[in-house]
Amino acid sequence: MRRVIKLFENQTADKTSGTVNILGAKKVVLFCKRAAHTSGNTAFSAVVGVDGNEIAYNKWISNVANTNVQDLTRVSSLTLSSATSGFLTMDPSDTFETIKVTADVTTDGSNSAWLILDY
């Protein structure tokens, strides 16, 4: 079963989503979009938690080109510096109860974020 959750859409200021239950998800993808860009950027990041305890998630797998001999690139955030989209995938060896996503906006831009969960 796949579930797509719109966290926020067309936000022009810093924004943190509500808490989303991801317990039992086999795959978690964070899809982000920046529009109405003139200058600046938006950094998308997340905290994960269990039983109300939260910690910054720093093991996102980045969608960067790797050669066959390189390991996957893990990052703590996705920064978009133009009108574009990008995504991050949670390391499949990790599991948590909850997630909250934050968009930190510098200067301008309209920002949206979705979670794609596979169970």
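Begin by selecting Leu30, which, leaving aside its neighbours within four places in sequence, is in contact (heavy atoms within 4.5 Å) with Leu7, Trp60, Gly86, Phe87, Leu88, Val101, Ala113, Trp114 and Leu115. The model is a predicted one: local features need pLDDT of at least 70, side-chain atom pairs count only at pLDDT 80 or more, and totals for chains, interfaces and linings use all residues. Residues are numbered from 1 along each chain as its sequence is written, and side-chain values use heavy atoms, with hydrogens and water left out.

A nonpolar core is a set of buried Ala, Val, Leu, Ile, Met, Phe, Trp, Tyr and Cys residues joined through side-chain atoms within 4.5 Å; buried means under 20% relative accessible area, exposed over 50%, and partly exposed in between (1.4 Å probe, protein chains only). The largest such core has 24 residues, and Leu7, Leu30, Trp60, Met90, Ile99 and Leu115 have the most contacts inside it. At least two residues of this core come from each of strands E1 (2-11), E4 (27-35), E5, E9 (77-80), E11 (98-107) and E12 (110-118).

Now colour by secondary structure. The protein chain has 12 strands and 0 helices, where strands (E, at least two residues) and helices (H or I, at least four) are DSSP runs numbered from the N terminus. Residues 24 or more positions apart account for 81% of the chain's contacts with a separation of 6 or more.

Move to residues 40-50 and 53-56, strands E5 and E6, which run antiparallel and are joined by 4 bridges; two strands pair if DSSP finds at least two bridges between them. Within this pairing, Val48 stands opposite Ile55. The two strands form a hairpin with 2 residues between them, and Asp51 in the turn has a positive phi of about 55°.

Finally, display the side chains of Tyr57, Trp60 and Phe96, which form one aromatic cluster. Rings of Phe, Tyr and Trp (its six-membered ring) pair if their centres lie within 6.5 Å; planes under 30 degrees apart count as stacked, over 60 as edge-to-face and the rest as tilted. The count is 3 aromatic pairs. The ring centres of Tyr57 and Phe96 are 5.8 Å apart with planes at 80°, so this pair is edge-to-face. Tyr57 lies in the loop between E6 and E7 (60-62) and Phe96 in the loop between E10 (84-89) and E11, so the pair ties together parts that are 39 residues apart in sequence. Tyr57 is buried at 3% relative accessibility, whereas Phe96 is partly exposed at 23%.
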